[in-house]
Amino acid sequence: MKIAYNHLVQYMPGNPTIEEISDSLFQLGHEHEIEDNIFDMEFTPNRGDCLSINGLLRDLAVFYSIDLNQEIYNERLNELNIDFKNQSEKICPKISFLKLEIDKVPELYKKSLEDYFSDLNLSKNNFFTDVSNYLSYETGQPTHCYDADTINEKLIFHEIEKQEEFETLLDKKITLKGKNAVFSLNNKVINLAGIIGCKNTACSTHTKTALVECAYFKPEVIIGKSVKYDIKSEASHKFERGVDKDSQEKVLRRFIQVVSEHANIKEMSIVSYNYKENQDIKIAVNVNKINQIIGININENDYLNYLTKLGFAIEENFIKVPSFRSDIKTQNDLAEEVARVIGYNNISRAEINIPKSDNRNYKDIENKLRYFLLDHGFYEVINSPFVGITAKEAIKVDNPLDSNRAFLRKNLTDSLVENLLFNERRQKDSVKLFEISDIYSSKNGIHKNRMLSIVASGRVGLNYQDFSKKIDTKYLTEMFQEILPNEFFDFQILSRDSLDTKIKSEIITLEVNIERFSADILSYREASKSPESFAQFNPISDLPISTKDLSYSIKDFSKIRELENLFLSYQSDIVKNIFIFDYFYNEKSQEVKIGFRIVFQSKETTLTAAQIELAYNDLIDQSLKIDGISIPGI
Amino acid sequence: MSKPKGILSPKLVKDRGSLHPINYMKDSIMDLLVSFGFEIIDGPEIESEEFNFDMLNIRKSHPARQMHDTFYVERKSNLLRTHTSPVQIRGMLEKKPPLAFISGGKVFRKDDDATHLPMFHQVEGIYVDENVSFSQLKDLIYKIIYSLFGEDVELRFRPSYFPFTEPSAEVDILSKEGKWLEILGCGLVNPVVLENCNIDYKIYSGLAFGLGIERIAMLKHGVTDIREFYKSNLDFLSQFK
């Protein structure tokens with residue numbers, strides 16, 4: 001909600017600066033941004049009472065003197081004779097109507113009304129609607145103005161549950177569905193209560209007689225309607241958060257005052273319906289409890305003084321909560337008021353000592369398994385549980401984001417296969433992935449299983465021992481036998497026939513319930529360690545990868561390490577990785593052969609053959625400076 | 001290959017995998033909290049409205065319960081938990097105070113844009129004992145933040161609103177660029193919630209806090225797009241060893 005600094009400070013005799021008010025608002029918990037002397041406020045949903053000039057001033061009154069010199073029409077008024085029936089009193093326990101006739105529609109507005117539109121860059125509509133909007137901004141209480149000449153039948157407020165077309169006063173056509181609180185005239189909806197009225201009964205620039213309706217609607221009746229019908233409405237925003245239950249007639253009297261400052265009122269009358277008297281909320285004065293909750297030590301005078309400034313009344317040993325503060329019910333609520341006034345950041349820390357728990361980490365087996373997989377080059381992934389294809393006993397999402405995410409997955413493997421293909425498309429020739437997650441199914445209730453899935457394909461590893469070995473069921477079976485020699489795991493070979501890929505290497509999968517793993521795994525000593533620090537992320541390149549190999553013949557074995565160091569420490573913007581893919585000792589010729597694979601990729605551009613050759617030749621030149629090594633063929 | 005003595009083989013560099021950075025961050029935070037005395041408890045990702053909302057004082061009228069914010073399943077008989085707080089409700093119903101629980105895991109909200117995903121991760125904690133105060137909560141939060149971001153970090157508490165805590169606060173840290181970044185939500189457990197769990201709020205009080213893992217992981221690792229975490233790109237994952 002946007003509130004102009006000028007509109008606040010006119011009621012603050014001390015003329016605090018915008019920065020001072022901003023600091024106070026933050027301390028009170030009212031987040032905002034400032035642009036061109038306008039506060040763009042973001043109130044928490046429990047503070048609907050602050051959605052106005054007066055509401056914000058009520059909170060600021062704890063720090064500043066406030067002079068709310070808004071005149072109000074206090075003369076006796078004739079009772080309005082209106083044919084009105086409230087058929088849903090529970091959801092609208094209070095409602096008032098004011099009928100006003102003016103002699104002439106004003107062409108110019110007084111300063112305060114004009115400033116409202118100009119300072120906030122708002123468009124005007126018609127006189128009565130403009131006053132209504134202004135008063136909603138000033139008081140927080142929305143009103144709705146009908147052209148009184150159109151209300152010529154019995155007006156009914158009720159909650160209906162039928163489909164009906166409705167055209168809003170903003171020319172938007174909507175179809176009412178489900179339960180809706182509405183005002184009807186002649187069996188036709190003329191106002192979606194608390195949200196927006198219809199075009200046919202709205203005031204126009206020619207309206208001289210208006211029927212102004214001012215009500216309290218239960219927030220739960222209004223909530224969700226503006227989203228449901230895609231209608232942005234200031235009124236619904238306020239009603240959803242709750243307006244002052246006792247302000248309706250007072251706001252209408254203020255309405256008269258503002259109208260009277262602009263036009264000669266020929267006739268006016270008012271009627272108020274109170275179907276249920278408000279019960280005052282009273283909370284016992286207990287400063288010790290407040291001190292205990294916050295962990296401070298204030299005296300009772302200071303405590304009550306804070307609350308009084310915020311609009312609370314002290315009656316004997318009780319604190320009476322003002323009608324506009326529907327969020328206050330308990331001692332904890334009052335403690336929050338005090339904490340806000342003191343300032344959360346000014347409350348001292350008190351040392352906390354939580355008794356230590358003896359319980360072991362219940363996920364020991366799972367964690368051991370994760371590190372075991374890490375040791376063998378597997379990467380942990382996390383996938384979305386939402387899938388588009390149903391399976392037997394799959395759980396259906398009632399309100400999915402889209403049809404591709406309408407069910408919960410029944411297995412983890414399908415997601416991992418997608419991950420595998422994603423990486424293969426990025427030229428990865430050794431992919432080992434695992435995921436541990438809950439999966440759910442429905443059969444006579446909802447069932448949960450915690451599963452491990454692994455998917456692997458391609459080379460066993462990118463080192464000279466594993467480079468030429470392919471991942472297969474034998475490799476994985478032997479791997480698991482290392483930790484669980486007596487347990488059998490049913491690895492599957494997944495056919496690539498139905499997959500969008502030209503790669504031929506076998507895809508091996510396993511999906512198994514974590515409960516299958518015995519505590520024997522706890523004796524496994526992992527080599528992988530947790531990272532010592534939080535690695536800084538380097539942006540990823542999606543540009544093509546190129547590889548080139550270099551093979552060396554070495555007769556002076558003392559040079560092996562020098563050559564290895566040269567390659568493995570080589571730095572270039574376009575060299576992504578270098579590893580030894582081949583190492584062979586030829587006993588007959590008494591020489592060692594070492595093969596290096598160089599992986600090229602740029603983060604900025606697709607590499608040309610010339611760019612790659614440049615780096616490649618640089619490596620050759622540097623390496624051939626080492627005595628006792630040669631490159632066969634060069 | 002049989003290798004004669006005197007030949008120095010190249011180092012055999014075995015490629016190790018890595019934990020997912022979100023799980024690693026979650027585990028790190030939970031390990032830290034265990035060291036403070038908290039006990040880890042777990043609960044289902046598919047929850048009832050009663051545990052996800054009612055028991056936590058989130059009224060029927062609360063916007064979070066609307067179909068546009070919460071995923072409902074199986075003809076609205078259940079939902080995908082929107083936070084890990086229902087796990088704490090289950091814990092409080094099972095055990096009498098003093099108690100100190102943490103729970104971490106996946107949560108779901110009906111969001112999908114550049115900064116929000118329909119699935120993300122939280123760690124939440126609760127401590128219930130006699131005379132637990134807001135100033136003790138502040139001490140705990142300082143300890144958590146200092147452990148995660150170092151003792152030089154500047155932090156601030158802002159009043160906020162959660163139906164299950166009162167008073168409620170949000171905590172920000174000051175970034176190197178001078179911008180306040182929201183890190184966690186916390187507060188004293190609303191007595192209504194204690195009462196719902198058959199805990200006498202006249203004797204006991206509690207504190208609670210919750211952290212969004214993705215946000216902290218993004219800050220710690222310098223990741224700017226939350227979606228990177230869930231592409232399963234090996235070039236991404238291999239950076240977190």
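## Around L207(B)

Apart from neighbours within four places in sequence, L207(B) is in contact with Y127(B), V132(B), Q136(B), L137(B), L140(B), L188(B) and V189(B). Here, contact means that the C-beta atoms of two residues, placed from the backbone, lie within 7 Å. This is a predicted model, where local features need pLDDT of at least 70 and side-chain atom pairs count only at pLDDT 80 or more, while totals for chains, interfaces and linings use all residues. Residues are numbered from 1 along each chain as its sequence is written, with chains lettered from A and ligands numbered from 1 in the order in which they are written.

## The cores

L207(B) also belongs to the largest nonpolar core, a set of 122 residues in which L433(A), V189(B) and L207(B) touch the most other members. A nonpolar core is made of buried Ala, Val, Leu, Ile, Met, Phe, Trp, Tyr and Cys residues joined through C-beta atoms within 7 Å. Buried means 20 or more other C-beta atoms within 10 Å of a residue's own, exposed means 12 or fewer, and partly exposed is in between, with C-beta atoms placed from the backbone.

The top contributor to this core is helix α4 (residues 134-149) of chain B, with seven residues. Domain 3 (282-345) and domain 4 (364-523) of chain A each supply at least three residues. There's also a second, separate core of 69 residues, and its members include L8(A), L51(A), I102(A) and A235(A).

## Chain A as a whole

Chain A has 17 helices and 29 strands; helices (H or I, at least four residues) and strands (E, at least two) are DSSP runs, numbered from the N terminus. Its radius of gyration is 37 Å, well over the 26 Å that the globule rule gives for 634 residues, so chain A is more spread out than a compact globule. That radius is taken over C-alpha atoms, and the rule is 2.2 Å times the number of residues to the power 0.38. The C-alpha trace spans about 120 × 60 × 55 Å along its principal axes, and 34% of the 634 residues count as buried.

## A five-stranded sheet

Chain A has an open, mixed sheet of five strands in the order β5-β8-β11-β12-β13. Its edge strands, β5 (84-86) and β13 (196-197), each pair on one side only. Pairing requires at least two bridges found by DSSP. β5(A) runs parallel to strand β8 (residues 155-161) of chain A, with three bridges between them; K85(A) has I156(A) of β8(A) as its bridge partner.

## Where the chains meet

The contact between the chains takes 93 residues from chain A and 84 residues from chain B. On the chain A side there are 49 nonpolar, 25 polar and 19 charged residues. For that count, Ala, Val, Leu, Ile, Met, Phe, Trp, Tyr, Cys and Pro are nonpolar, Asp, Glu, Lys and Arg are charged, and the others, Gly among them, are polar.

Chain B has a cis peptide bond from P97(B) to P98(B), with omega near 0°. P98(B) sits in the loop between α3 (85-94) and β5 (99-108) of chain B. Another cis bond joins E166(B) and P167(B), and P167(B) is in strand β8 (residues 165-174) of chain B.

D36(A) isn't a glycine, yet its phi is positive at about 50°. With 8 C-beta neighbours inside 10 Å, D36(A) counts as exposed.

Methods:
Domain bounds come from an automatic or database domain assignment.
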